[in-house]
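Hi,

Here is the structure I promised to pass on.

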Amino acid sequence: MLENQLLKIAQDFGSPVYVYDAEKIEYQYKRLTNAFKTVKSLKINYAVKALSNISILKLFNSLGSGIDTVSIQEVQLGLAAGFTPDQIIFTPNGVSLNEIEEAAKLGVKINIDNLSILEQFGTKHPKTPVCIRINPHVMAGGNANISVGHIDSKFGISIHQIPHILRIVENTKMTINGIHMHTGSDILDIEVFLYASEILFETAKQFKNLDFIDFGSGFKVPYKPGDIETNIEELGEKLSAKFNAFCKEYGKDLTLAFEPGKFLVSESGNFLTKVNAIKQTTSTVFAQVDSGFNHLIRPMFYGSHHEIINISNPKGRERFYTVVGYICETDTFGNNRRINEINEGDVLCFKNAGAYCFSMASNYNSRFRPAEVLWYNNEAHLIRKRETFDDIINNQIEVNFASKKEKQLVK
Ligand SMILES: *Cc1c(COP(=O)(O)O)cnc(C)c1O
């Protein structure tokens, strides 16, 4: 998307506003499918939690993608967006047996990552096939909060507990139709991923009725010019070869599945904010924007980097700014960033604002959550209205307290 197109959207729809470029999403989707073109059966299940607007889901549906969901509400959202149940996989962690049964009743694929739940589910529903989430104990991923494959992680069933799984399967006569892993976000080293995949293949050999192997996700995207990213093309070539060889050995063409969120939508997103004020202090120049970690929590939550550019003055002289929000706590988007000269009223664009941005937004400080716009076919489509005061007050229930005066009368 061009900077003047973004600027026009900020003018037309107000700020703050999230803008997603449909073409970029499509490009990433095709890049991924292309990297695995030698695999006979490939299934991409977009991870809904990254960005869950129904129009984004419909876009993925139109591309032929399935979806990966982590709550019953995401399952319902997927169905509302037009996905058929068999295009939806439910991969929750720590939810009740009840919620899993609800999803199974809707006909979606079930992924279980807990021995106790596996046993209970298999005992009650031996005819419903399930996929199991394995924890291969391979450390991948950047920040400790987004790395989920390590030994003390709450995710998955440990590879050391495979005998337990086999015992449950034998006792309940349930069918295991898939093996899954998801080792965390921001994979940098392809060899580590391939090593984890070897563990998954070894595990898969012990289950005779598989339809698919799901390698999860965690592909890293670049956050700034020159930044490293997961080399999808190289991973595609190497993993496809291993997978095809495994299918031969297994005696069946299985489906290779992935469930990326960030890789598919991160770079499509731009978050536009307006500069309320410039504040010169003795140590830095603050640019204070009309948003905060209520709308974009990633920098404060896990230190992620979002490039910030001034789309109102792209040719201005570069200066150093600390870009902060309006929340009444430390609320820093970027420290000492080199940005084209900022004036009050300018529109700043935060890059990589597609994944885990709007979907993590809140009403903290009783602020409205932003509008969302999809740029599609060279046109801006509003896909979520900015909230209004009604959204803040709607579910609140008022208690009528006696006034001080009335209390005195009672005495
Ligand atoms: C969050 C999540 C994903 C998506 O991860 P990305 O890093 O956004 O690609 C995939 N699978 C599961 C089970 C997840 O919880």
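**Helix 8 and the rest**

Helix 8 covers residues 190–204, and its 15 residues reach 21 Å from first C-alpha to last, close to the 21 Å expected at 1.5 Å a residue (the expected span is 1.5 Å times one less than the number of residues; helices are DSSP runs of H or I with at least four residues, strands are E runs of at least two, and both are numbered from the N terminus). Its buried residues are Phe 193, Ala 196, Ser 197, Leu 200 and Ala 204, where buried means 20 or more other C-beta atoms within 10 Å of the residue's own, with C-beta atoms placed from the backbone. They sit on the same side of helix 8 because they cover an arc of only 105° around the axis, taken from the directions from the helix axis to the C-beta atoms. These buried residues pack against strand 6 (130–135), strand 8 (176–180), strand 9 (212–214) and helix 9 (232–250).

Bear in mind that this is a predicted model, where local features need pLDDT of at least 70, side-chain atom pairs need 80 or more, and totals for chains, interfaces and linings use all residues. Residues are numbered from 1 along each chain as its sequence is written.

On confidence, the average pLDDT (the predictor's confidence in each residue, 0 to 100) is 94, and 95% of the residues score at least 70. Residues 141–146 fall below 50, though this stretch has 17 contacts beyond near neighbours in sequence in the model (contact: backbone-placed C-beta atoms within 7 Å).

Cheers

Note on methods:
Buried ≥ 20, exposed ≤ 12 C-beta atoms within 10 Å, placed from the backbone. Contact = placed C-beta atoms within 7 Å.
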